[in-house]
Amino acid sequence: MTKRILITGGGRRLGKTLSEHFLKEGWQVVAHYNTRSELEEHANLSLVQANLSDPDSIRNLCEQLPGFGLFDLVIHNASCFVPDSAAKDLAQHISQHQNVHVTAPVMITEALADSWSDAASMISISDIYADIPNQRFSVYCAAKAGLQNWSLSMAQRLAGKVRVNVIQPGPIKFLPEHDQAYRERVLSQSLIGEELGYGAIVEACSYLIKAPAVTGSVMRVDGGRFVANRYDQTFSS
């Protein structure tokens, strides 16, 4: 029987790579996207749109999901990453990050309560900042920490039905706006010292869904950055 996966934020960047990987593996892929999807049409691909910073849009998405059938895997990948200094409205800044990283996963998982296949898995994409926060992104860090803690709670609640794990990416893929100096500085704080690429997360997901003894775990895929020199920060006196 064909397996089915839901990937939030599945239309761009890491989510797109994950969607393409599972399509190649023969899965039925339900890929959520917000503003646009960069995925090519595929017979096994279903696209669902929702603004996960808006609870009403999350509810609309949740109403659609059970109609796809049973899910073998859910990857909570959708994210927003905005520095605190860019926030024009602090309350909105907080709610945006909390809704995308916590409210949406909670509501989606609740909506799928009766839609899990046997031996299903759930993976949440957190961040090394959940454990080693960066004061420039304090709201983002708090939201990712919330996602991680909630996911471990779900490992308890769904025990025996769904295995739940967390992946903490580090410096996986730079953006075009990251200049060479920035890239070199970040990689100097990694033990491997290389841009890992989205494939590193794909491999981690593949391992977790094939490891029946692993649940309630937090896997760091960060090139060793967690145990290396953290990052440059300037603290006010």
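Helices (H or I, at least four residues) are taken as DSSP runs and numbered from the N terminus. The model is predicted, so that local features need pLDDT of at least 70 and side-chain atom pairs count only at pLDDT 80 or more, while totals for chains, interfaces and linings use all residues. Residues are numbered from 1 along each chain as its sequence is written, and side-chain values use heavy atoms, with hydrogens and water left out.

A cavity is a set of points, on a 1 Å grid over the protein atoms alone, where a 1.4 Å probe fits but cannot get out; lining residues have an atom within 4 Å of a point. Grid points are joined across faces, edges and corners, and volume is the space filled by probe spheres set on the points. One cavity of 30 Å³ or more is found, and the largest cavity holds about 50 Å³. Its lining includes Thr 8, Leu 52, His 76, Asn 77 and Leu 147. Helix 3 (residues 90-111) contributes the most to this lining, with five residues. By class (Ala, Val, Leu, Ile, Met, Phe, Trp, Tyr, Cys and Pro nonpolar; Asp, Glu, Lys and Arg charged; the others, Gly among them, polar), the lining comprises seven nonpolar, four polar and no charged residues.

The axes of helix 3 and helix 4 (residues 138-157) come within 8 Å and cross at roughly 15°, axes being lines fitted to C-alpha atoms over the stretch in contact, with angles from 0 to 180 degrees between N-to-C directions. Helix 3 is therefore roughly parallel to helix 4 (angles under 35 degrees). Residues in contact (heavy atoms within 4.5 Å) include His 101 and Pro 105 of helix 3 and Leu 147 and Trp 150 of helix 4. This contact has 11 nonpolar, six polar and one charged residues.

Notes
1 Å grid on protein atoms, 1.4 Å probe; cavity = no way out; pocket = protein on both sides within 12 Å on 5 of 7 lines; lining within 4 Å. Helix = DSSP H or I, 4+ residues; strand = E, 2+ residues; numbered from the N terminus. Parallel < 35°, antiparallel > 145°, perpendicular 65-115°, else oblique.
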